[in-house]
Amino acid sequence: MLSLTIVTITFGVVFLAELPDKTALAGLMLGTRYRASYVFAGVAAAFAVHVALAVAAGSVLTLLPHRLVQAFVGVLFLAGAAMLLLKKDDDGDEEIKAPADQSFWKVSGAGFMLILVAEFGDLTQIMTANLAARYDDPLSVGLGAVLALWAVAALGILGGRTLMKYVPLRLITKVAAGLMLALACFSLYEALVG
């Protein structure tokens, strides 16, 4: 039976934990380049998989070696920053690509893979597992967590599209690469001394 209280508690905890996380940044970057609905479909599917894994695993996810997870995340951020900085401009065109240029499967698949890899072992996934173990109500915890993650992703994606109207893509890309580099350094530092 669904508990609205547990859904609400889980939504609040996961939403606040995920809001300043890399997901908003990833959604923002994807939202600046591709059709928002395509991006959201892939990101939403990846989050549904993560929540299902977290709920099924319960508190077992907390046993993952923290240093190993942080090192892996750090390397992913370094790779992401390098890809952003080394990407060549397409004839200086800063327009969002038309849906005809990017198929649904390509764009949603890219969003799915990005979130699937970047969010594995993330704080919110571990929190979801802990909440599922604590409340012994996988349906309520799962629904609250997935709605919170979808809300953060939607904010990031829509924020990216709005931002494009006022800020050049080149600047957004450099700022995002800088943030990813900082997150990589932080993650690798935690992996080494953590």
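K174 sits in helix α8, which covers residues 169–193. Its relative accessibility is 54%. The cut-off for exposed is over 50%, so K174 counts as exposed. This is a predicted model.

Which residue has its C-alpha atom 6.7 Å from that of K174? The residue is L85. Along the chain, K174 and L85 are 89 residues apart.

## Overall make-up

The protein has eight helices and zero strands. Read from the N terminus, the order of elements is α-α-α-α-α-α-α-α. The chain arrangement shows up in the contacts too. Take the contacts with a separation of 6 or more: 95% of them join residues 24 or more positions apart. Of the 194 residues in the protein, 41% are buried.

## Helix α3 against α5

Two packed helices are described by the angle between their axes and the distance between the axes. For α3 (residues 36–57) and α5 (residues 104–118), the angle is about 35° and the axes are 7 Å apart. The crossing is right-handed.

On the α3 side, the contact uses Y38, V39, A41, G42, V43, A45, A46, F47, V49 and H50. On the α5 side, it uses F104, V107, S108, G111, F112, I115 and L116. By type, the residues of this contact are 13 nonpolar, four polar and no charged.

Is S108 buried or exposed? Its relative accessibility is 7%. Buried means under 20%, so S108 counts as buried. Leaving out residues up to four places away in sequence, S108 touches Y38, A41 and G42.

## Helix α3 against α6

Helix α3 also packs on helix α6 (residues 123–135). The axes of α3 and α6 come within 7 Å and cross at roughly 45°. Angles under 35 degrees count as roughly parallel, and 65 to 115 as roughly perpendicular. The α3 and α6 pair is therefore oblique. The crossing of α3 and α6 is right-handed.

Here α3 supplies H50, V51, L53, A54 and V55, while α6 supplies Q125, T128, A129 and A132. The residues of this contact divide into six nonpolar, three polar and no charged.

## T128, a polar residue inside

T128 is found in α6. Its relative accessible area is 1%, so T128 is buried. Residues up to four places away in sequence aside, T128 touches V14, V51, A54, V55, V141 and A145.

## The nonpolar core

In soluble globular proteins, nonpolar side chains tend to be buried together. In this model, the largest nonpolar core has 26 residues. Which residues have the most contacts inside this core? They are V39, V43, F47, V51, I115 and V141. At least two core residues come from each of α1 (4–18), α2 (22–33), α3, α5, α6 and α7 (138–164).

V141 touches I6, T10, V55, T128, L131, A132 and Y135, residues up to four places away in sequence not counted.

Note on methods: Residues numbered from 1 in each chain as written. Predicted model: local features only at pLDDT ≥ 70, side-chain atom pairs only at ≥ 80, totals over all residues. Heavy atoms only, no water. Axes fitted to C-alpha atoms, helices over the stretch in contact; angles between N-to-C directions. Helix = DSSP H or I, 4+ residues; strand = E, 2+ residues; numbered from the N terminus. Left-handed = near helix turned anticlockwise from the far one by under 90°. Contact = heavy atoms within 4.5 Å. Nonpolar A, V, L, I, M, F, W, Y, C, P; charged D, E, K, R; others polar. Parallel < 35°, antiparallel > 145°, perpendicular 65-115°, else oblique. Core = buried A, V, L, I, M, F, W, Y, C linked by side-chain atoms within 4.5 Å. Buried < 20%, exposed > 50% of the residue type's maximum accessible area, 1.4 Å probe, protein only.
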